[in-house]
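Me: I am new to this entry and would like to go through it step by step. Please show it first.

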Amino acid sequence: MAFVNLKKREVQVKVVYYGPGRGGKTTNLEYLYKKFKERIKTEMVAIKTHGDRTLFFDFLPFDIGKIKGYNIRVQLYTVPGQVKYNATRRLVLRGVDGIVFVADSMKVRREKNLLSLKNLQENLATYNKNIFKIPLVLQYNKRDLSEHGIPLLSPEILKNDLNAQLKAPSFEASALIGTNVVLTMKKIITMTLASLQRELK
Amino acid sequence: MEYTLGQKQLDGMEEVLKQDLIDLGVHCVFLIDMAGNVIVNLDNGNIEHDIYSLAALAAGNFGAVSAMAKIVGEQEFSLLFHKGEKENIHFSKVMTDFLLVTIFGKETSLGFLRLKVTEAIGKIKKILES
Ligand SMILES: Nc1nc2c(ncn2[C@@H]2O[C@H](COP(=O)(O)OP(=O)(O)OP(=O)(O)O)[C@@H](O)[C@H]2O)c(=O)[nH]1
Ligand SMILES: [Mg+2]
């Protein structure tokens with residue numbers, strides 16, 4: 001539920017990073033925070049457990065400058081990926097404008113990706129939102145692990161599993177190293193703003 | 001999905017929050033939506049809080065408490081208030097989609113604050129519905 005403030009000529013949009021536990025959602029935000037530190041100014045908010053797993057959400061506000069005379073503020077959130085945290089995951093989705101689905105490329109996580117995507121679809125439905133209509137980008141994360149001899153799902157398999165019907169833009173990425181992290185973020189912002197464009201006169 | 005508020009509505013709400021809350025000694029007040037967007041924020045000029053982070057956390061916190069209420073069979077817990085050494089924070093729902101968050105000190109009593117918040121919310125509702 002983006003908010004357009006005609007007085008300040010400001011638009012606030014909410015982008016949520018979704019995906020299975022330990023897939024790298026928080027790592028995406030941490031990379032962006034490090035990379036754009038001088039533009040962010042505030043601290044990144046993270047509600048997490050002692051083991052660094054996300055308990056509620058991470059939050060990173062992002063000023064991306066002006067578009068058509070409107071100052072655009074993007075609020076990036078992550079959800080907790082662990083299955084047991086569905087109630088909080090659903091809360092974070094409230095009012096979402098765009099979604100990045102961070103899939104884990106590790107072979108052993110194949111089933112987890114599928115379950116998480118299905119869970120996203122169900123949770124969106126509780127807000128009367130359709131996964132086929134909301135701006136969505138897929139990220140196939142942890143591609144760097146192939147160099148360490150860890151078995152990964154091929155991009156074709158990931159595409160078949162997750163994107164055969166959705167046909168969303170997708171990127172192979174490494175949140176840890178930073179490969180395609182910024183590109184993923186730029187793509188979802190572009191798509192989200194395009195879907196709001198009608199409002200920006 | 002998006003919604004837009006114009007200059008007139010925003011000015012009106014700012015005026016209400018200023019007269020009914022800030023002028024009476026409240027340190028900081030902000031109106032947010034349940035997605036965590038900041039609609040109006042005002043303070044007494046002496047504090048500098050990170051309003052956007054506060055808004056994200058307040059929306060999450062309120063959502064979590066509402067979900068707890070449902071589980072124990074309540075519609076809503078009517079009083080949401082955290083007490084600190086110097087600062088207190090109070091949350092109040094405005095219609096179904098908005099939340100008014102007030103930060104105030106020792107010099108303001110909770111009873112008085114609740115009264116004033118209720119008055120302000122009445123006026124804000126009228127503006128939002130207009
Ligand atoms: N090698 C490698 N490790 C990664 C990458 N992305 C994340 N990790 C690691 O995977 C682990 C989990 O990453 P997080 O970002 O905390 O995962 P998350 O999706 O936020 O997990 P939850 O909060 O439980 O939902 C951490 O140890 C990260 O360092 C990546 O691209 N490559
Ligand atoms: Mg996390």
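Me: How many helices and strands does the secondary structure of chain A come to?
Reply: This is a predicted model. Along the sequence of chain A, the elements follow the pattern β-β-α-α-β-β-β-α-β-α-β-α-β-α. The count for chain A is 6 helices and 8 strands.

Me: Why is chain A said to be as compact as a globular protein of its length?
Reply: The globule rule gives 17 Å for 201 residues, and chain A is close to that value, so it is as compact as a globular protein of that length. The C-alpha atoms fill a box of roughly 55 × 35 × 30 Å along the principal axes. The radius of gyration behind the comparison is 16 Å.

Me: Of the contacts in chain A with a separation of 6 or more, what percentage joins residues 24 or more positions apart?
Reply: Two residues are in contact if their C-beta atoms lie within 7 Å. Among the contacts in chain A with a separation of 6 or more, the part from residues 24 or more positions apart is 73%.

Me: Which helix of chain A gives the most to the shell around ligand 1?
Reply: There are 21 residues around ligand 1, and A:Gly24, A:Thr26, A:Thr27, A:Thr54 and A:Gly81 come nearest. By class, the shell has 4 nonpolar, 12 polar and 5 charged residues. The element that gives the most, with 3 residues, spans residues 25-35 and is helix α1.

Me: Which element gives the most to the side of chain B that touches chain A?
Reply: The contact takes 23 residues from chain A and 25 residues from chain B. On the side of chain B, β1 (2-5), α1 (7-20), β3 (38-43) and α2 (51-71) each supply at least two residues. That side divides into 13 nonpolar, 8 polar and 4 charged residues. With 8 residues, the element that gives the most is α2(B).

Me: Which residue in β1(B) is the bridge partner of A:Ala2?
Reply: Strand β1 of chain A, residues 2-5, is joined to β1(B) by 4 bridges, and the two run parallel. In β1(B), the partner of A:Ala2 is B:Glu2.

Me: What ipTM does the model score?
Reply: For chain B, the mean pLDDT is 93, and 99% of its residues reach 70 or more. The model has a pTM of 0.93 and an ipTM of 0.85.

Key
Residues are numbered from 1 along each chain as its sequence is written. Chains are lettered from A and ligands numbered from 1 in the order in which they are written. This is a predicted model: local features need pLDDT of at least 70, side-chain atom pairs count only at pLDDT 80 or more; totals for chains, interfaces and linings use all residues. The radius of gyration is taken over C-alpha atoms; the globule rule is 2.2 Å times the number of residues to the power 0.38. pLDDT is the predictor's confidence in each residue, from 0 to 100. A residue is near a molecule or strand if its C-beta atom, placed from the backbone, lies within 6 Å of it. Ala, Val, Leu, Ile, Met, Phe, Trp, Tyr, Cys and Pro count as nonpolar, Asp, Glu, Lys and Arg as charged, and the others, Gly among them, as polar. Two strands pair if DSSP finds at least two bridges between them.
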